[in-house]
Amino acid sequence: MKLGELEALYHQPLFDVISQSRAVHLQHWRGEEVQRCSLLSIKTGGCSEDCAYCAQSARYSTGIEREDLLSLDDVMAAAQRARSQGATRFCMGAAWRGVRDGSEKFERVLEIVREVSQLGMEVCVTLGEIGSVEARKLKAAGVTAYNHNLDTSPEFYPEIVSTHTFQDRLDTIAAVQESGMSVCCGGIIGMGETETDRLRMLEVLSNFDPPPESVPINCLMPMPGTPLAEQAPVDIFELVRLIAVTRIALPKARVRLAAGRTRLSREGQALCFFAGANSIFYGDKLLTAKNPAADVDVTLLRELGLQPQRATAS
Ligand code: SAM
Ligand code: SF4
């Protein structure tokens with residue numbers, strides 16, 4: 001879609017855009033189903049990059065302890081726990097710029113993926129910059145989807161990161177698409193960008209070929225010590241509008257209500273689900289940030305009459 005079309009959708013009266021997104025949602029999805037994903041940080045902190053929102057950058061004093069790549073046993077234990085709590089997708093994130101074929105850490109990640117993919121959940125990894133060789137090997141090891149967020153518009157990107165470029169992000173995504181893995185790609189709102197920046201990001205996403213299978217919408221979790229530590233929370237109606245327009249622009253994508261749910265009310269989250277969000281990250285921790293406790297989410301879904309997606313294999 002073009003920016004102008006996205007803007008026209010976005011700036012309608014709120015109930016009009018939600019009615020339209022709901023109709024699109026019900027054409028493509030079971031309206032009551034929500035997928036629960038679990039996200040584990042397999043390598044935490046000490047990252048060379050300077051992403052202004054990120055507590056894991058080595059450039060800022062955020063109090064995050066740097067940890068090495070987790071052992072296979074630790075990852076398997078976390079994956080089994082996530083599955084037993086009802087997650088149908090298991091995502092693993094690493095705090096580094098990227099990873100190259102031939103390195104010891106890449107071999108270890110491949111081994112982890114081979115084992116985790118035996119558990120019957122979708123397997124997603126977010127390992128930063130990769131090329132075609134790494135993408136092919138990850139797919140062969142059993143990765144379903146590769147997450148690599150655009151985070152914001154091409155115009156605003158240099159304001160939040162100086163150590164790599166928006167084009168670097170697009171190059172990694174192209175390598176992932178070429179390998180046949182699905183792309184999970186979204187962004188963060190509340191970093192000081194304009195509403196137009198958010199729609200520009202959506203314009204880029206909606207023109208991917210093939211379109212992303214999954215679009216996480218994060219609200220900034222302001223992390224102490226980072227340049228964005230003092231950012232104000234996102235307005236709930238701006239978030240709901242963005243989710244609605246994302247649902248219309250990318251009808252078949254899972255729209256994931258990702259970071260920042262601890263700062264949303266139950267009513268706010270309910271509106272997001274109605275507008276087209278159909279996945280949440282589940283479990284007490286999101287990489288290094290807080291997330292609602294699993295039992296609070298189970299209660300919320302039950303109260304709304306929403307149903308967790310069931311596992312298709314075990
Ligand atoms: N290093 C890899 C990369 O940059 O792609 C993977 C890990 S990175 C932590 C994964 C994603 O988490 C980022 O792209 C960003 O969208 C999200 N994220 C990180 N810190 C966040 C924060 N404080 N608030 C909201 N989202 C955040
Ligand atoms: Fe590093 Fe990723 Fe955090 Fe950027 S978002 S500092 S690349 S871990």
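A residue is taken as buried at under 20% relative accessible area, as exposed at over 50% and as partly exposed in between, with a 1.4 Å probe and protein chains only. By this criterion, both Tyr-157 and Phe-166 are buried. The structure is a predicted model, in which local features need pLDDT of at least 70 and side-chain atom pairs count only at pLDDT 80 or more, while totals for chains, interfaces and linings use all residues. Residues are numbered from 1 along each chain as its sequence is written, and side-chain values use heavy atoms, with hydrogens and water left out.

One aromatic pair is found in a search of the whole structure. The ring centres of Tyr-157 and Phe-166 lie 5.6 Å apart with the planes at 70 degrees, so the pair is edge-to-face (rings of Phe, Tyr and Trp, the last by its six-membered ring, pair if their centres lie within 6.5 Å; planes under 30 degrees apart are stacked, over 60 edge-to-face and the rest tilted).

Two charged side chains sit over rings (NZ of Lys or CZ of Arg within 6 Å of the ring centre and within 35 degrees of the ring normal). Lys-105 lies over the face of Trp-96 at 4.1 Å from the ring centre, and Arg-241 over that of Tyr-10 at 5.9 Å.

Ligand 2 is surrounded by Cys-47, Glu-49, Cys-51, Tyr-53, Cys-54, Ser-57 and Ala-95 (a heavy atom within 4 Å). This shell comprises five nonpolar, one polar and one charged residues (Ala, Val, Leu, Ile, Met, Phe, Trp, Tyr, Cys and Pro count as nonpolar, Asp, Glu, Lys and Arg as charged, and the others, Gly among them, as polar).

Terms used. Chains are lettered from A and ligands numbered from 1 in the order in which they are written.
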